[in-house]
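Let's take a friendly walk through a few local features of this structure. Have the sequence at hand as you read.

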Amino acid sequence: MASTSRTRTGRGRGRGRGGRGGGSSSLPPPPSTLPLIIEEFFIVIYEDPLVKKALPKKFADYLDGKEPAKVYLRAADCGPRLWTVEVLFDGQGRMYLDKGWENFAIAHGVDFGCYVHFKYEGDDVLTVKVFDGTMCRKYYYSDDEDTDDESDDDVKPCIHPL
């Protein structure tokens, strides 16, 4: 009867870990050489939802040198209305949504435990999506034909579909 010894001939050459592969790497450049582009971020509402809100420091750094005095918030599904919100900078690189945030938050049901997603559209415009504490997005629509944001004192809430 013939011996049934196993051999490894022909196996493992140039394949798998440590095998002969191409010499060049297709990895992206290290992060320090990439341009800083911060166009989307979110905040979690842990404190009073109606007081000024800190935005991420990286976003404030992105705007360095062109800090706006105000931004314009647009709810993603609530028509073309822009909500004017004053911006504060604390001198230590932090940026806050201040006067005008309260009206936006009331109108869009921002509450404790909400996640608020921002997308920077340029020209000081941020598109906003609000997610509740279960991480489900709140959808709204508006029957407000008025796109004049100067009347933010009379808060007209977006209407939550039933």
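## His117 and its surroundings

Leaving aside neighbours within four places in sequence, His117 is in contact (heavy atoms within 4.5 Å) with Glu40, Phe41, Phe42, Thr127, Val128, Lys129 and Phe131. With Glu40, the side chain of His117 also makes a polar contact of 2.9 Å; such a contact is a pair of N or O atoms within 3.5 Å, where, within protein, one must be able to donate a hydrogen and the other to accept it, and residues adjacent in sequence count only if both atoms are side-chain atoms.

His117 sits in strand β6 (residues 115-122), a strand being a DSSP E run of at least two residues, and a helix an H or I run of at least four, numbered from the N terminus. His117 is buried, at 18% relative accessibility; buried means under 20% relative accessible area, exposed over 50% and partly exposed in between (1.4 Å probe, protein chains only).

## How the model is read

This is a predicted model, in which local features need pLDDT of at least 70, side-chain atom pairs count only at pLDDT 80 or more, and totals for chains, interfaces and linings use all residues. Residues are numbered from 1 along each chain as its sequence is written, and side-chain values use heavy atoms, with hydrogens and water left out.

Asp61 pairs with Lys57, with 3.1 Å between the closest N and O atoms.

These two residues are 4 residues apart in helix α1 (residues 57-62), so about one helical turn separates them. Asp61 is partly exposed at 36% relative accessible area, and Lys57 is partly exposed at 39%.

How values were computed. Salt bridge = Lys/Arg side-chain N within 4 Å of Asp/Glu carboxyl O.
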